[in-house]
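Me: I have a structure open and want to learn to read it. Can we take it feature by feature?

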Amino acid sequence: MVEKTKSQWYAFDGLNVNYLLDQYDIYLSDKSKVDDSLIPIFKVWDALDNATTIEDTVDNSVAVDIEELAIVVVKIADLIQNIRIHGHRQADIFPLEKREPLEIFELDHYGLDEEDLKEIPATVFNNSPEFEGKSALDLVADLKNVYIADIGYDIGHIDPKEQQWFRQKIEQGFLKEAIDSLDRDKVIDEIFRAEGLEQYLQKYYMGQKRFSIEGLETLMPVMNELVRFAGEDGFNEVYVSMAHRGRLNALVHILDQSYEWLLAKFEGVPYDTGIESEYDKYNSTGDVKYHLGAKTTRQYQTNDVNITMANNPSHLEFVNSVLQGMTRAAQDDRSHAGHSKQDYNKALAIQVHGDAAVVGQGVNYETLNFSNIPAYTTGGAVHIIANNTIGFTTYNNEQFATEYPSDAFKGFGVPVLHLNADHPDSAVAAVKLAYEYRQKFNKDIFINLIGYRRFGHNELDEPRMTNPKMYQLIDNLGTITEVYSDYLIKNGFKTEKDLEVVKEKVTDDLEQARQAVKSAAKEAPKMKPLTELVEDKIVELPETETKVDRKRLEKLNNDLLKWPEDFNIHRNLSRVLNKRREVFNDDLVIDWSLGEALAYGTILEDGIPIRLTGEDVERGTFSHRSMVLKDFKTGQNFAPLNHISEGKASFDIHNSTLSETAVTGFEYGYSMTATDSLVFWEAQFGDFANGSQVIFDQFVSGGRKKWGELSGLVLLLPHGYEGAGPEHSSGRVERFLQLSAENNWTVANVTTSAQLFHLLRRQAKALGKEGIRPLVLMTPKSLLRGEDAAAPIKDFTDGKFEAILADKKTKKEASKVKRLVLTSGRLSVDITKHLKEHANEAIAHTRIEELYPFPEKQLIEELKRYENLTEIRWVQEEPKNMGAHAYIAVNLLPLIPEGISFGYIGRPAMAAPSEGLPAVHKAEQARIVSDALTL
C-alpha cells in the first residue's frame with residue numbers, strides 16, 4: 001500500500017490533512033457519509049493502493065508517476081470546487097457593469113494547462129452518465145457554463161446535503177429545462193406591462209411619488225411565477241410583503257387590482273370598483289397609496305389560491321415579521337384541543353426586501369433567527385431582494401460591509417440565488433429552483449434580483465447630483481423592454497411587430513382606465529374633511545356575559561391539577577399547585593395566577609383558541625404562571641390546558657427568542673389572520689416593550705384606521721414600581737395613552753384576578769366582531785402571587801369587568817368625603833391597605849381599571865356621589881411627565897364641577913422612569929401614599 005503523505009496534498013490550501021485522512025477512513029466504510037468534493041481525491045488514493053501506473057484508471061498507455069497524477073487531480077478538484085462555490089462572484093448578474101475575471105477560475109492559477117485536464121476522465125470528479133468518455137476539461141467547461149453565467153449560485157455555506165441537491169439540479173440542466181418550459185408570452189406581457197405602467201404614470205402624473213420599479217421590472221414575473229407554483233401545488237394562501245419600490249406595480253400585476261383603482265388614487269378621486277375591501281370598510285383616515293395592501297383570489301387548474309399583500313408603513317422591513325405571523329396562522333389548524341397542527345403547504349410567504357433596508361434593519365435578523373424554531377417557522381419563506389444597488393443616495397459600499405446584501409444572512413444557512421434583472425428568462429426560470437428548495441427542505445431561501453433604479457429614490461429626486469457616475473451608466477442603458485426585445489428578436493422568439501402589438505395593448509388598456517376614472521370623477525361625492533373622517537365617538541366593546549358557573553370553574557380547576565401519574569413535578573411547584581385544590585373546597589380567594597388559568601380554560605371550553613408567546617412565558621417572568629410543567633427527571637413537558645376535559649380549541653404557549661420587535665410583529669400578524677383566536681404577547685418586563693415600539697406605533701395602534709386591519713392582540717406588560725430601578729418599573733403606559741384615539745385599542749391596568757378574568761373573557765368574546773380591538777394590559781409583578789390582588793369566587797361567578805372600582809360607601813358616608821383619590825394599577829393596592837389601617841372618612845378612593853376608552857360616564861356618576869367634594873387628586877407612582885397623569889388631566893378636567901380642585905401627587909418630572917436606590921424608592925413610595933391620604 002502506498003503511503004498517503006502530506007506533501008501529496010499541498011494543493012489544498014489550508015486543508016487539515018489529518019481531517020482528510022479521517023474522512024478517507026469514513027469513505028472506505030460508507031462513501032455516502034463524506035462530502036462529494038472529496039471523492040475524486042479518494043478515488044486517486046484507491047488507485048495508489050491498487051496500481052503503480054494509471055493504466056487501470058486513465059485511458060493512457062504511458063506510465064506516469066502516481067504522485068504527479070495525484071497532485072494534478074487535487075488541483076483540478078480545487079478548481080472545480082472554486083467554480084461551484086465562488087462562480088457567482090464572476091457571474092453576469094449586474095446589468096450596469098461587467099465584473100472583472102477572477103484568477104481562481106483560470107488554469108494558470110493552479111499551474112495547470114488544458115493537456116493536464118484532457119488526460120483525466122471527467123468521471124473521476126462526476127460519475128454522471130453524460131460525462132462518460134469526456135475529460136476533466138469538458139467537465140470544467142460545462143461547470144463554468146452553469147456557475148459563471150447569468151445566475152449566481154451562492155450555496156457554499158449551506159448544509160452539505162442541500163449543496164448536493166443544488167449541484168445535481170444545477171449540473172443536470174435544470175435551467176435549460178425551466179427556460180424551455182417558460183410561458184414566454186406571459187413573461188413578455190408582464191415585463192411590458194410593468195414598464196408601460198410606470199412610463200404612463202410618469203407621463204400623466206409627473207411629480208407624484210410612485211417609487212418606480214423601472215430597472216427591476218423583472219420582479220413582476222418572478223413574483224407571479226412563485227404564486228403560480230404555489231397555486232398549482234394546492235396552496236390555499238400566498239402572503240406577500242414589500243416596501244415602496246414597485247409596490248404600486250405589484251398591487252396591479254400581482255394582486256390584480258384594476259388600473260382604474262390605481263389611477264383613481266393618482267387622480268385623487270374615489271372610484272367604485274364594485275368590491276368592498278377591509279380597507280374601504282374599516283379605515284377612517286387611510287394611508288398613502290404606496291403603503292396599501294390588497295387581496296385577490298386566483299384559480300390555478302382547479303385550486304383557488306388567495307393572495308394577500310400586507311399593508312406596510314415607511315418603516316420598511318418591519319412588516320416581514322408581521323407577514324410571518326399571518327402565514328403561520330393560515331397554516332395552523334386550531335379547531336381541536338391540544339396543540340394546533342401545522343401544515344406548511346397551506347400558506348407560502350414571499351418577502352420582497354430593499355437592498356439597503358434588508359441588511360440595515362435588525363428586524364430581519366430577528367425574523368430569520370426564529371425561521372426554523374417550531375413556535376414560529378412557516379416552513380420556509382422565499383425572500384426576494386429588489387436590489388437596485390443603491391439606497392436613497394448611498395452606495396452599497398457605504399451601507400454594508402459584504403459583497404452582497406444577502407451575505408449578512410448566510411449564518412442562518414440560507415442559500416442565495418443572484419439573478420440579473422435584465423435577463424428575464426433566466427431570472428424567471430430560476431424561481432422554480434427556489435420554490436423546489438423551499439418545498440424540499442422547508443427552509444428560507446433568498447433571491448437577490450439585481451437591477452438598478454432609473455429615477456431617484458422617488459420621482460421628485462434628481463439622483464445625478466449625488467450619484468453621477470451610476471446615472472451615466474443608467475442613462476446609456478436601454479430600458480428592460482428594449483434589452484429584452486433585442487434578445488427575443490435576435491433569438492427568433494418574437495418579431496418587432498409582435499412586440500409592438502403588446503406595447504400598444506398596454507397603452508390602450510391604461511388609457512381606457514384613465515378615461516373611465518375621469519368620467520366617474522364627475523359624479524363622485526365631495527371629499528370629506530378630516531373632522532368628518534375621524535371617529536370621535538367612544539365605542540365600548542359590546543356588553544357580553546363573562547361570568548362562569550361555580551361548578552364549571554371547580555371542574556376546570558380539578559382538570560388543571562391533573563397530570564400523568566409517572567410525571568415528576570418539582571416539589572416547590574407541587575406545593576404551590578396543590579394549594580389550589582383547597583380553593584373551592586374551603587371557599588378561598590382566587591389569586592392572579594389561578595384567575596388567569598381559569599380565564600384561559602373557560603375560553604378554550606368556549607371553543608376559542610389561544611396562543612401565548614414571549615420571553616419565558618411558560619413559567620412567567622415572576623414564576624407565577626407555570627402553565628407548562630416540567631418533569632424534573634426526564635425534562636418532559638406537560639401543559640394541563642391542552643388536556644382539559646371540555647377543551648374545544650387549541651392552546652399554544654411558547655417561550656420566544658430573546659426578541660421584542662420581531663416576535664411582537666409576528667403575533668400581531670397572527671392575530672390578524674387567526675381572527676378566531678385570542679393571541680397574546682407578553683413582555684418579560686413592561687419596559688422591554690421599548691423594543692417593539694415601531695410595531696406598536698405603526699401597526700397595532702393605527703392599523704385599523706390606516707388600513708382597515710382588525711386585530712384582537714393582547715399585550716401583557718408587567719408594570720409597577722417596586723424598587724427594581726429605571727429599567728424594570730414602567731411599561732410606559734403614557735406612550736400607549738398618547739396613541740389612544742378612535743377606539744383603536746383598550747388600555748387597562750387592572751388590580752384583581754377577577755377583573756383580569758372578566759377582561760380576558762370579554763376580549764375573547766369580541767373576536768370576529770367588527771368592534772374587536774387590541775388590548776394593552778399593564779400587569780402586576782409582586783401582586784401576582786399574593787392575596788392583595790386575589791378575589792373571592794363570587795366575583796368570578798356573579799361579576800363582570802368594571803371600568804372603575806369605587807369605594808363602597810353609603811350615601812351618608814359619601815357626604816363626608818372632601819377628597820377623591822384616583823389611582824390606577826399597583827399603587828391602588830397600597831392606598832387601599834393604608835385606608836383600611838388608617839380610616840379617614842374625608843377621603844374616598846376610586847381605581848381606574850380601564851384607562852382607554854376613558855370611563856367618562858362611570859366617573860361622572862362617581863363624582864355625583866360626593867356632594868361635598870372639594871378636591872380630586874390623581875395619584876401615581878410614575879414621574880409627573882410619565883404615567884397616565886397628562887391623559888387623565890385632559891379627559892377629567894372638563895367633567896369636574898365648578899369649585900372642585902384637581903391636583904397631582906406622585907414623583908416629580910424625571911428623565912428616567914424611576915430612581916435607582918431601593919432606599920430612595922421606599923421613601924418615595926411612602927411619601928406618595930402619605931401625601932395622597934393627608935388632607
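Me: Is Ser623 buried, partly exposed or exposed?
Reply: This is a predicted model, so every value here is computed from it. Ser623 has 38% relative accessibility, so Ser623 is partly exposed. The cut-offs are under 20% for buried and over 50% for exposed. Ser623 sits in the loop between strand 13 (610–614) and strand 14 (629–630).

Me: What is the phi of Ser623?
Reply: Start with the general idea. Most residues other than glycine have a negative phi. Ser623 has a phi near 60 degrees, which is positive although the residue is not glycine.

Me: Which loop holds Asn743, and what is the phi of Asn743?
Reply: Asn743 is in the loop between helix 28 (733–738) and strand 19 (746–748). Its phi is near 55 degrees, again a positive value in a residue other than glycine. Now check accessibility. Asn743 comes to 6%, so Asn743 counts as buried.

Me: Is the peptide bond from Tyr852 to Pro853 cis or trans?
Reply: In general, most peptide bonds are trans. The bond from Tyr852 to Pro853 is cis, with omega near -5 degrees. Pro853 lies in the loop between strand 24 (850–852) and helix 33.

Me: Where is Asn868, and what does Asn868 touch?
Reply: Asn868 is in the loop between helix 33 (856–865) and strand 25 (871–879). Leave out residues up to four places away in sequence, and Asn868 touches Ser815, Val817 and Lys818. The Asn868 side chain also reaches the backbone oxygen of Ser815 at 2.7 Å. Asn868 has a relative accessible area of 32%, so Asn868 is partly exposed.

Me: Is Glu871 buried or exposed?
Reply: Glu871 has a relative accessible area of 15%, so Glu871 is buried. Glu871 belongs to strand 25. Its side chain makes a polar contact of 2.4 Å with the side chain of Arg819. Beyond its neighbours within four places in sequence, Glu871 is in contact with several residues, including Lys818, Ile900 and Leu935.

Me: How do I describe the packing of two helices?
Reply: Two packed helices are described by the angle between their axes and the distance between the axes. Take helix 5 (residues 136–147) and helix 6 (residues 160–171). They pack at about 100 degrees, with axes 10 Å apart. Helix 5 and helix 6 are therefore roughly perpendicular.

Me: Which residues make that contact?
Reply: Helix 5 supplies Leu143, Val146 and Tyr147, and helix 6 supplies Arg167, Ile170 and Glu171. By type, the residues of this contact are four nonpolar, no polar and two charged.

Me: Which residues touch the most other members of the largest nonpolar core?
Reply: They are Phe125, Phe166, Leu219 and Ile384, in a core of 178 residues. Apart from that core lies another, of 56 residues, among them Ala599, Phe622, Val628 and Ala791. Look at Phe125 next.

Me: How many helices and strands does the chain have?
Reply: The chain has 35 helices and 26 strands. Of its 935 residues, 58% count as buried. The C-alpha atoms fill a box of roughly 120 × 80 × 50 Å along the principal axes.

Key
Residues numbered from 1 in each chain as written. Predicted model: local features only at pLDDT ≥ 70, side-chain atom pairs only at ≥ 80, totals over all residues. Heavy atoms only, no water. Helix = DSSP H or I, 4+ residues; strand = E, 2+ residues; numbered from the N terminus. Buried < 20%, exposed > 50% of the residue type's maximum accessible area, 1.4 Å probe, protein only. Contact = heavy atoms within 4.5 Å. Polar contact = N/O pair within 3.5 Å; in protein donor to acceptor, adjacent residues only side chain to side chain. Core = buried A, V, L, I, M, F, W, Y, C linked by side-chain atoms within 4.5 Å. Axes fitted to C-alpha atoms, helices over the stretch in contact; angles between N-to-C directions. Parallel < 35°, antiparallel > 145°, perpendicular 65-115°, else oblique. Nonpolar A, V, L, I, M, F, W, Y, C, P; charged D, E, K, R; others polar.
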